[in-house]
Amino acid sequence: MNFYKIAESLSELTLSPNGLAEVEVNGKSICIALHNNTLHACAAKCPHAGAAMAQGYVDGLGNIVCPLHRYKFSLQNGRNTTGEGYFLKSYQVEFRPDGVFVGFEEHKLFKWQK
Ligand code: FES
């Protein structure tokens, strides 16, 4: 897994009042979500019809709620908790002494393209 820095610290991140933001990292847009003092990262677009997840909100159970059709996804594992059968990609977040990092799996199939 490769980790990329998204900020020097949590306070450097500009989150919406809902605790969400879309950030660019490693050439990719992702959504970050602060819930119960834990920072999560997931795909920027909803797997249902592509709505911007950062425009939604996080419910009391820690599900990110899509702004368009209100499907819910666990911030822990991306599971579609309202049962429509979709899956939201989630990413590992690490706080390190030198910043906030998000991890991406290496796609071995395309490794030769680097
Ligand atoms: S686009 Fe997200 S639930 Fe439909």
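Two strands count as paired here if DSSP finds at least two bridges between them. Keep that in mind for the exercises below, and remember that this is a predicted model.

**Exercise 1. Which strands make up the open sheet of 3 strands, and which of them stand at the edges?**

Step 1. Start with the order, which is β5-β6-β7, with antiparallel pairing.

Step 2. Now look for strands with a single partner: these are β5 (57-58) and β7 (72-74), so one side of each is left without a neighbour in the sheet.

Step 3. Zoom in on one pair. β5 and β6 (residues 63-65) run antiparallel and are joined by 2 bridges. In that pairing, V58 sits opposite I64 of β6.

**Exercise 2. Work out the order of the open sheet of 6 strands and follow its pairings.**

Step 1. Going across the sheet, you meet β1-β9-β8-β4-β3-β2, again with antiparallel pairing. β1 and β2 are the edge strands, each pairing on one side only. On average, neighbouring strands here are turned by 35° against each other, ignoring direction.

Step 2. Take β9 and its two partners. β1 pairs with β9 over 5 bridges, in the antiparallel sense. β8 (residues 90-96) is also antiparallel to β9, and 5 bridges join them. The link between β8 and β9 is a hairpin through 2 residues.

Step 3. Find V100 in β9. A7 stands opposite V100, and F95 stands opposite V100 too.

Step 4. Move on to β4 and β8, an antiparallel pair with 2 bridges. Here C42 has S90 of β8 as its bridge partner.

**Exercise 3. Is G19 buried, exposed or partly exposed, and what does it touch?**

Step 1. Locate G19 first: it lies in the loop between β1 (2-7) and β2 (20-25).

Step 2. Count neighbours. A residue needs 20 or more C-beta atoms within 10 Å to be buried, and 12 or fewer to be exposed. G19 has 17 C-beta neighbours inside 10 Å, so it counts as partly exposed.

Step 3. List the contacts beyond four places in sequence: G19 touches A33, L34, H35 and V58.

Step 4. G19 and C31 are 12 residues apart along the chain, and their C-alpha atoms are separated by 10 Å.

**Exercise 4. Does the radius of gyration agree or disagree with that of a compact globule?**

Step 1. Get the overall make-up: the protein has 0 helices and 9 strands.

Step 2. Compare the values. A compact globule of 114 residues would have a radius of gyration near 13 Å, and the protein has 14 Å, so the two agree.

Step 3. Look at the box: the C-alpha atoms fill roughly 35 × 35 × 20 Å along the principal axes.

Step 4. Finish with burial and contacts. Buried residues are 24% of the 114. Of the contacts between residues at least 6 apart in sequence, 40% join residues at least 24 apart.

Definitions and conventions. Residues numbered from 1 in each chain as written. Predicted model: local features only at pLDDT ≥ 70, side-chain atom pairs only at ≥ 80, totals over all residues. Helix = DSSP H or I, 4+ residues; strand = E, 2+ residues; numbered from the N terminus. Contact = placed C-beta atoms within 7 Å. Rg over C-alpha atoms; globule rule 2.2 N^0.38 Å. Axes fitted to C-alpha atoms, helices over the stretch in contact; angles between N-to-C directions.
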